[in-house]
Amino acid sequence: MATITPFPLPPEILTDIFALCDSSSDMLSLALTCRRSYEIWRANVVCLLWPLWRRTLVDWKEALITVSTGLNSRASLQLETYFICSTS
């Protein structure tokens, strides 16, 4: 018996669909529709959520500064690396 997957699309297409979501809850709802979509979302969660949050959160830069000051230097550097990678 063949396995039927609700998303027989390549991961690249699914990540593009995730990127079209208007909110984090919509994105998570889509991710939880099946195991495959969740695995793809989980593998790309930072790259997907970062631009969404930048679009939807008010005072994004102030929130980033607040979070960064509470982190140690290594975590802060990782956060900055994600920011640089996602904007390029």
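1. Buried here means under 20% relative accessible area, exposed means over 50%, and partly exposed lies in between (1.4 Å probe, protein chains only). By that criterion, the buried residues of helix 1 are Leu 14, Thr 15 and Phe 18. Seen down the axis of helix 1, these residues fall within an arc of 100°, so they line one face of the helix; the arc is that of the directions from the helix axis to the C-beta atoms.

2. The model is predicted: local features need pLDDT of at least 70, side-chain atom pairs count only at pLDDT 80 or more, and totals for chains, interfaces and linings use all residues. Residues are numbered from 1 along each chain as its sequence is written, and side-chain values use heavy atoms, with hydrogens and water left out.

3. The protein has 6 helices and 0 strands, and its elements run α-α-α-α-α-α from the N terminus on. Helices (H or I, at least four residues) and strands (E, at least two) are DSSP runs, numbered from the N terminus.

4. Of the 88 residues, 25% count as buried. The protein exposes about 6600 Å², of which carbon and sulfur atoms supply 62%; accessible areas come from the Shrake-Rupley method with a 1.4 Å probe, and for residues only the protein chains shown count as cover.

5. The buried residues of helix 1 pack against helix 2, helix 3 and helix 4, where contact means heavy atoms within 4.5 Å. In helix 2 (residues 24–31), Met 27, Leu 30 and Ala 31 are buried. Viewed down the axis of helix 2, its buried residues also fall within an arc of 100° and so line one face of the helix. They pack against helix 1 (11–19), helix 3 and helix 4.

6. The axes of helix 3 (residues 35–43) and helix 4 (residues 45–56) come within 5 Å and cross at roughly 75°. Axes are lines fitted to C-alpha atoms, for helices over the stretch in contact, and angles run from 0 to 180 degrees between N-to-C directions. The two helices are therefore roughly perpendicular to each other, a class covering 65 to 115 degrees.

7. At this crossing, Trp 41, Arg 42 and Ala 43 in helix 3 meet Val 45, Leu 48 and Leu 49 in helix 4. By class, the contact has 5 nonpolar, no polar and 1 charged residues. Ala, Val, Leu, Ile, Met, Phe, Trp, Tyr, Cys and Pro count as nonpolar, Asp, Glu, Lys and Arg as charged, and the others, Gly among them, as polar.

8. Pro 10 lies in the segment before helix 1 and is partly exposed, with a relative accessible area of 39%. The C-alpha atoms of Pro 10 and Ile 40, 30 residues apart along the chain, are separated by 9.9 Å.

Key:
Parallel < 35°, antiparallel > 145°, perpendicular 65-115°, else oblique.
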